[in-house]
Amino acid sequence: MYARIFMPLMTVFALVALVASPARAASPASVTVDLNLRAGPSTQYPVVTVVPQSAPVTMHGCNANVTCCDISYSSYRGWASANYIRVSSGGTQTVVTPAVVATIGIATVAYNRAYWDNYYSTVTAHPVTRLEHSVI
């Protein structure tokens with residue numbers, strides 16, 4: 001009796017999980033130019049490193065207006081302009097745009113002080129910015 005109730009219930013949960021899959025946690029991507037990787041989503045943040053053109057990166061997500069994306073390159077983690085990041089969509093490489101983000105399910109991520117503290121705690125001062133009006 002337990003199996004007769006439990007198995008159909010697990011099947012329903014599995015189907016719901018497939019249909020309602022969340023945004024990707026991380027996606028392979030590459031950059032189209034030598035690109036500044038910054039400690040935050042604006043030119044007011046320091047450059048962590050320069051990602052070489054065509055280098056493979058890992059995309060963790062983009063900010064809500066898809067101007068900047070949180071990526072990893074080698075041992076570095078930071079933010080870069082979405083205009084210069086390519087992802088695979090429909091079998092082709094395409095630059096990240098709001099439409100592409102919605103189509104392939106790239107996560108929306110927010111920058112906050114905890115991000116800075118997690119990745120850049122050795123830097124002496126957190127820059128004060130108005131992120132909603134800044135771009136990389």
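Val66 is buried, with a relative accessible area of 12%, where buried means under 20% relative accessible area, exposed over 50% and partly exposed in between (1.4 Å probe, protein chains only). Val66 sits in the loop between E4 and strand E5 (68-73), and its phi is near 55 degrees, a positive value in a residue other than glycine. The model is predicted: local features need pLDDT of at least 70, side-chain atom pairs count only at pLDDT 80 or more, and totals for chains, interfaces and linings use all residues. Residues are numbered from 1 along each chain as its sequence is written, and side-chain values use heavy atoms, with hydrogens and water left out.

**Loop residues**

- Most residues other than glycine have a negative phi, and most peptide bonds are trans.
- Ser54, although not a glycine, has a positive phi of about 70 degrees.
- Ser54 belongs to the loop between strand E3 (47-51) and strand E4 (56-62), and is partly exposed, with a relative accessible area of 48%.
- Ser42 is in the loop between strand E2 (35-38) and E3, and is buried, with a relative accessible area of 0%.
- A polar atom of the Ser42 side chain lies 2.8 Å from the backbone nitrogen of Gln44.

**Overall architecture**

- The protein chain contains 3 helices and 8 strands; these are DSSP runs, numbered from the N terminus, with helices (H or I) of at least four residues and strands (E) of at least two.
- From the N terminus on, the order of elements in the protein chain is α-β-β-β-β-β-β-β-β-α-α.
- Of the 136 residues in the protein chain, 37% are buried.
- Among contacts (heavy atoms within 4.5 Å) with a separation of 6 or more in the protein chain, 57% are accounted for by residues 24 or more positions apart.
- The protein chain has an accessible surface of about 8,000 Å², 60% of which belongs to carbon and sulfur atoms; accessible areas come from the Shrake-Rupley method with a 1.4 Å probe, and for residues only the protein chains shown count as cover.

**Confidence**

- The protein chain has a mean pLDDT of 78, and 71% of its residues reach 70 or more; pLDDT is the predictor's confidence in each residue, from 0 to 100.
- Over residues 5-23 pLDDT stays under 50, and the model has 4 contacts beyond four places in sequence for this segment.
- Where pLDDT is low, the predicted coordinates should not be read in detail.

Notes: Polar contact = N/O pair within 3.5 Å; in protein donor to acceptor, adjacent residues only side chain to side chain.
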